[in-house]
Amino acid sequence: ARADAAEISLLRRLADRHPALRDDTLFRRLLIRADEAGRRAEALHTRVAGIAADARRLQERVPALRDRLRTAAAQLTRLDQGARQVALGAAQVDQGTGQALTGARKLDQGTMQLVQGSARLSSGLAEMYGQIPRLSGPERTRAAETLARPVEVRTSNAHPAGEYGRGMAPFFFSIALWVFGIVAFLLLRPLPGRLLASRAGASTVALASWLPVLALGACGAVVLFAVVSLTLGLRPLHVVGTVVVMVLGVASFSAVVHLLRAALGAAGDALALVLLMIQLVSCGGLYPVETLPLPFRVVHHVVPMTYLVEPLRVTISGGDPWHLWRSVGVLLAYLVAALALLVVVVRAHRTWTMGRLRPSLEL
């Protein structure tokens, strides 16, 4: 641009030196074109300068733009990863949507069935409502009372014992008769020596040694019953049955204690006391058998005192006769078994040894 300006200046100086050139048409055209070229060159120079300035500014901004491009590239990478996750989630959502659609179809089917069932129920209720009888005022009152109290509970006692003592009497009668068997053989010898030395059979010796105890026990049972009935007012339902059961009980108990005393000696008395303590808990005279611990519930069905308490309850307060006859049968079984074993013990005692002779023989 500067070179063009210098050339135009030289052309003008040339025209000043040679005025005749000013009138020349070619020269004037050249001069005009030179002026236009100068102006254009100057404008071009101005534009180039602006472009250069813009280029310098762009160059200055390139590092920042490069950092921004890098940041944008990293963000695009993260955006791509997020887009992949979104795509996976969209696939899962699509799968869940399919399952939800299947469940919605099943729900729709179930709803249709429910609607059909509701319709059938409605028609059935309408039909039943038509079958309900029309009640009058008193009938409605009775129906309301029946619905308000559908069940009436009534309690009854088939065999009331009345006083507390009537329920406890069988238990204490059993204790007294068992203790009598123990005390009787503390006063009487279970097997007298004269009987053992006699020629009588073993069964005869056994019965002869037991019958006095039975007679005393029977008298004691009758006296016990009379005292309780006359002074305490027992008033049993079956007087004769009560006395007979008590005599059978003392017979069985005395036979069992007689067997223990004859077979074991003084240890038999101790064993009889142990049996008494066990029977006090297990015979069911104080508490219902179902409330006892398991060992006592098992022993309850074995001990003889159980089968005296049960029949006495039936004869005193009433009850199922089957319990009475079953207990009588068990007591008879105890009596027969004890007497049979007593015969065996008598035979064993009739075998004399040097150790049993008192005093010892000396040669």
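Which helix gives the nonpolar patch its largest share of residues? That would be helix α4 (residues 164–187), which supplies 4 residues. (Helices here are DSSP runs of H or I with at least four residues, numbered from the N terminus.)

Before going on, a word about what you are looking at. This is a predicted model, where local features need pLDDT of at least 70 and side-chain atom pairs count only at pLDDT 80 or more, while totals for chains, interfaces and linings use all residues. Residues are numbered from 1 along each chain as its sequence is written, and side-chain values use heavy atoms, with hydrogens and water left out.

V179, V183, L186, L187, L188 and L216 make it, and it covers about 540 Å² of nonpolar surface. To join a patch, a residue needs over 30% relative accessible area and no salt bridge, and nonpolar side chains are joined within 5 Å (like charges within 9 Å). The areas come from the Shrake-Rupley method with a 1.4 Å probe. Take L187, which sits in helix α4: L187 has a relative accessible area of 71%, so it is exposed. Exposed means over 50%, buried means under 20%, and partly exposed is in between.

**Aromatic pairs**

How many aromatic pairs are there? The count comes to 2. Two rings of Phe, Tyr or Trp (its six-membered ring) pair if their centres lie within 6.5 Å; planes under 30 degrees apart are stacked, over 60 edge-to-face, and the rest tilted. F171 and F172 form an edge-to-face pair, 5.4 Å centre to centre with 65 degrees between the planes. F171 is buried at 4%, whereas F172 is partly exposed at 47%. W178 and F253 pair edge-to-face too, with 5.1 Å between centres and 65 degrees between planes. W178 belongs to helix α4 and F253 to helix α7 (residues 239–264), so this pair ties together parts that are 75 residues apart in sequence.

**Salt bridges**

Side chains of opposite charge can pair when their charged atoms come close. A salt bridge here is a side-chain nitrogen of Lys or Arg within 4 Å of a carboxyl oxygen of Asp or Glu. The whole structure has 3 of them:

| Pair | N to O distance |
|---|---|
| R84 and D80 | 3.3 Å |
| D269 and R261 | 3.0 Å |
| E310 and R326 | 2.5 Å |

E310 lies in helix α10 (residues 306–317) and R326 in helix α11 (residues 321–349), so their bridge ties together parts that are 16 residues apart in sequence. E310 is buried at 18%, while R326 is partly exposed at 30%. R84 and D80 both sit in helix α2 (residues 25–131), 4 residues apart, about one turn of the helix. R84 is exposed at 55% and D80 partly exposed at 38%. As for D269 and R261, both are buried.

**Helix α8**

D269 also turns up among the buried residues of α8, along with G268, A272, L276, Q279 and S282. Why are they on the same side of α8? Because they cover an arc of only 150 degrees around the axis, going by the directions from the helix axis to the C-beta atoms. On the other side, A266 and M277 are exposed. Helix α8 (residues 266–282) has 17 residues and reaches 25 Å from its first C-alpha to its last, close to the 24 Å expected at 1.5 Å a residue. That expected span is 1.5 Å times one less than the number of residues. After α8 comes G284, whose phi is positive, near 80 degrees.

Notes: Helices (H or I, at least four residues) and strands (E, at least two) are DSSP runs, numbered from the N terminus. Buried means under 20% relative accessible area, exposed over 50%, partly exposed in between (1.4 Å probe, protein chains only).
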